[in-house]
Amino acid sequence: MRYTLFGAESSKYPVCFLVKPLQLRQQDLQNHYVEALNQQGVLSTSVLAYDLLVTGKKTPAAKQKAYLADELLPVLAELQVEWLVVCDSDYFKTLTKVTKADRHLGYIQKCAFAGYEYLNVIYCPNYAGLFYDPTLQSKIDIALDTLVNGMRNTYQPPGIDIIHYADYPVTVKEIGTWLSKFVAEKTDLAVDIETYGLKHYHAGIGTITFCWNKHEGIAFRVDHLRDKQEAALIRAMLHQFFTVWAGRAIYHNISFDVYVLIYQLFMKDLLDTRGLLEGLDVMLRNWDCTKLITYLATNSCAGNKLSLKDVAQEFCGNYAQEDIKDINLIEPDELLQYNLIDGLGTWYALEKHWHTLVADNQLDIYQDLFKPAIKDIIQMQLTGMPLDMEEVKRGKAVLEGDRQSAVDRINGTRAVQMFTQVMNEAWVEKRNQELKKKRVTLADAREIFNPGSDQQLQKLLYEVLGLPVLDYTDSKLPATGGKTLKKLIHHTQDPDVQQLLEGLIDFKAVDKILTSFIPAFEAAPQAPDGWHYVFGNFNLGGTVSGRLSSNGPNMQNIPATGSKYAKVIKKMFRAPAGWLFVGLDYSSLEDRISALTTRDPNKLKVYTDGYDGHCLRAVAYFGENMPDIDPNSVDSVNSIAEKGHKYGEWRQKSKTPTFLLTYGGTYHGLMSSLGFDKPFAQMIETRYHELYVVSDQWVASQIKQACKDGYVTAAFGLRVRTPLLAQVVLGTSRTPYEAEAEGRTAGNALGQSWGLLNSRSSMAFMKKVRAHPEYREMVKHCAQIHDAAYFIVRNDSLLLEWMNRELVKEVEWQNDPLIWHDEVKLGGELSVFYPSWRSPTAPLSSKSLNSRLRICSQNLKSNGATMSQQQYYLSLAHRVESAHHKPLTIQVLIGQASPNLTQATLQRASATAAHEAEKIMPGIEVITIALIARIELGYMTPEEFSALPADAVAPEADGSETLQ
């Protein structure tokens, strides 16, 4: 236990700073804390600092408590310390028994240890954090001001006096009076709601607040503690209010509040697309979102906190009701005040960050990309992904079988059997210490190894087996995740340990799906069409690069095509009857963007000359092993990709190293992740950088500029701040590792930020859809996952043709000079997933749309059907006219042994079209049915179809069916 003083020695020190051992540096403490106190009248002689016990990456709470109770606090009592300024969040929580340190910034807490309750405890960020995030200075200032005000008896908790005027109208009339006033005055209002849940179909509208500045507002109950009739009246008033109100709405996290309000006020049910679109038009007419503004004003490699409780903490204080997980547990008056403070805090957040947004040139990306993209995000969240619940049950059974198989393999290893024995022996010893008379033996022990327990895995892998610690968790404990396990397998030659690690890898992969996705799928609500839909949340501003993130469930973590469980999961997604599930994935977006932005000739020639990228790199890395491959010949290099080629293994071997090196990895990563020896790993790293020297120079120039500016400018002008780079000189032996890591993060963001192109193209396309008089309710945007966009669309060939043309046009957008090239183009092709997401058709191209569409009719070939079992169809598109509805386009598929149409075939198809129209719009009065298109469907050209022997096609019994 060490300490330092800041003046002459004394017998009494009212103030004590508690810091980690590495930060117990007198001059640094003087500069960052004590001098600021001196300026406010606190004498240096009244201050001292002690270090805290630190054991490894994270000090267990039990050791913290023992150190404080047995060693530190008794000493502080002798020194008559009254004020403890704790510069470590974990120790602050231990001393005060609060759960979150940051939320208590600016507060004076009483010590929770018996006998020391007189101590006043204040949380203060560690000054060492300023190196990584200079914005911490404002929080240090708040902590020091709290100390000074406490010593002067002038302290007031944060948020104590922010409400200057508040009204909580109760009756329908009182609420109506306020809403009418807002409409008449066109008042700009911060809007916030409290709900019963986070999903729109469970949320309701418990309470709502409207605030016209950061000190004044109203809040009232909508559904909460009201009968249905009264709640319905208030909902109707809110619907009318939002429809006619011309003021600006200000939200914090608009993709939640407006998403819920649209469903609750405008939609009749989960499938009410018309109500959804009306709600989008009304609610997104004039608005700002302080969460988006805060993101753009603070986006940094150091990270940022975007919740309103964090953004407005210094203004509102710690007013959270345990993050309000259940509003029924909160007193009604407290709930209304909580809701009101959310509204006041939203105004504060706007004032806090708006000027930074403008000054940092983020206004354009906010107005031109982020705000328009919110409309798509809300529509996706209200549309959901279509699920086949029967397939979810079948898939779950497959996954559970695989998990059990992995568990059996894990338990069959000597390592786990030995570890289980050790656990049982430890249980017996502990139990016998607890018992006074009765004794237990190993026969009583029932301890079993749990492969899902990180604590057990840490002990088994690192303490018992002695494997190297390669990665750490956020809480500084040895990592045991799937990625780490794949690295560890290269660090043992023991077959038993290898079997254990392989079993754990398999267990982690399947268990993640069973615990993350399957429960969300099983809980997916059933819509009026009988189909189930899973609704996830999409977060704009959830990543440094600006790309969308997702949660509840995280759709970005859906197993990718080619991975072990991709087919199992994707088979669960299937469009309902009368609709198609379609998607468009950008073609090699990240690779093309890297080539376009860096102008590296070896990246460009993959597209200009036709090189296979994997083959090109394989020859660059391992050329001496392929003496008969001519590196200057496209055909010679690309031949490696041929199935069964003798050098195919080298092509495969080049993939993972390329991925690691592309994202700033080094030969150290190749050694730990892939088990390469040092010379081999260094050789690959050297040759990678020789191949892409131009790209390296471009990234280096961007990072060098960031050292001067303190930021890099990514796609669409997005600013990524680099606080460490602005303080160091890169490339020297004394450059901090953290600064090098920040450079890699910033360099990666330069490329990954162009994933915003997916948001831009979807935004532009959906704008056309919503403006289209016929298609606006026939195209439902349901997800953006990585570089792909997904839709549920009516089964209509003309619609698909229009969509294929218009969406592809937007995907091909390259109007930004940074990514323009006369030869290297962006693009993608529309795919129809039939019968499920697992089975994409060949991508649709505008030149061969009709012939491509035929694959949708029956995907029997991929399911192994023989020629005699395959059905071939004619697809007839009919325009159905009615007296009371807009025209419908109905697609009918006719099973035929010949492509020739007969009068009977046409009559049968027209009758089916009328029947389908009645199913879509019950009560429709059909006036006319006109045949408007004919598309041949099958797995071959019409000529090949006509040439088939008569017995090669098995006609259907009834001769017709609709496409499902």
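These legends go with a handful of close-ups of one predicted model.

Residues are numbered from 1 along each chain as its sequence is written, and side-chain values use heavy atoms, with hydrogens and water left out. Because the model is predicted, local features need pLDDT of at least 70 and side-chain atom pairs count only at pLDDT 80 or more, while totals for chains, interfaces and linings use all residues.

View 1. Helices (H or I, at least four residues) and strands (E, at least two) are DSSP runs, numbered from the N terminus. Of the 964 residues, 52% count as buried; that means under 20% relative accessible area, with exposed over 50% and partly exposed in between (1.4 Å probe, protein chains only). Take the contacts (heavy atoms within 4.5 Å) between residues at least 6 apart in sequence: 69% of them join residues at least 24 apart.

**View 2. An open sheet of six strands, in the order 1-3-2-4-6-5.** Pairing here is mixed, and two strands pair if DSSP finds at least two bridges between them. At the edges sit strand 1 (3–5) and strand 5 (109–110), each pairing on one side only. Further in, strand 2 (residues 15–19) and strand 3 (residues 47–51) run parallel over five bridges, with F17 opposite A49 in strand 3. Helix 2 (residues 61–78) packs on the sheet and touches strand 2, strand 3 and strand 4 (83–86). The direction of helix 2 makes about 160 degrees with that of strand 3; axes are lines fitted to C-alpha atoms, for helices over the stretch in contact, and angles run from 0 to 180 degrees between N-to-C directions.

**View 3. Helix 7 (residues 228–244) and its buried residues.** These are A231, I234, R235, L238, F241 and F242. They cover an arc of only 120 degrees around the axis, so they lie on the same side of helix 7; the arc is that of the directions from the helix axis to the C-beta atoms. An α-helix has 3.6 residues a turn, so residues three or four places apart point the same way.

**View 4. D342 in helix 13 (residues 332–359).** D342 counts as buried because its relative accessibility is 4%. Leaving out residues up to four places away in sequence, D342 touches D192, E194, L308, K309 and Y319.

**View 5. T656 in helix 26 (residues 648–662).** With 39% relative accessibility, T656 counts as partly exposed. L670 is 14 residues from T656 in sequence, and their C-alpha atoms are 8.7 Å apart.

Technical notes:
The expected span of a helix is 1.5 Å times one less than its number of residues.
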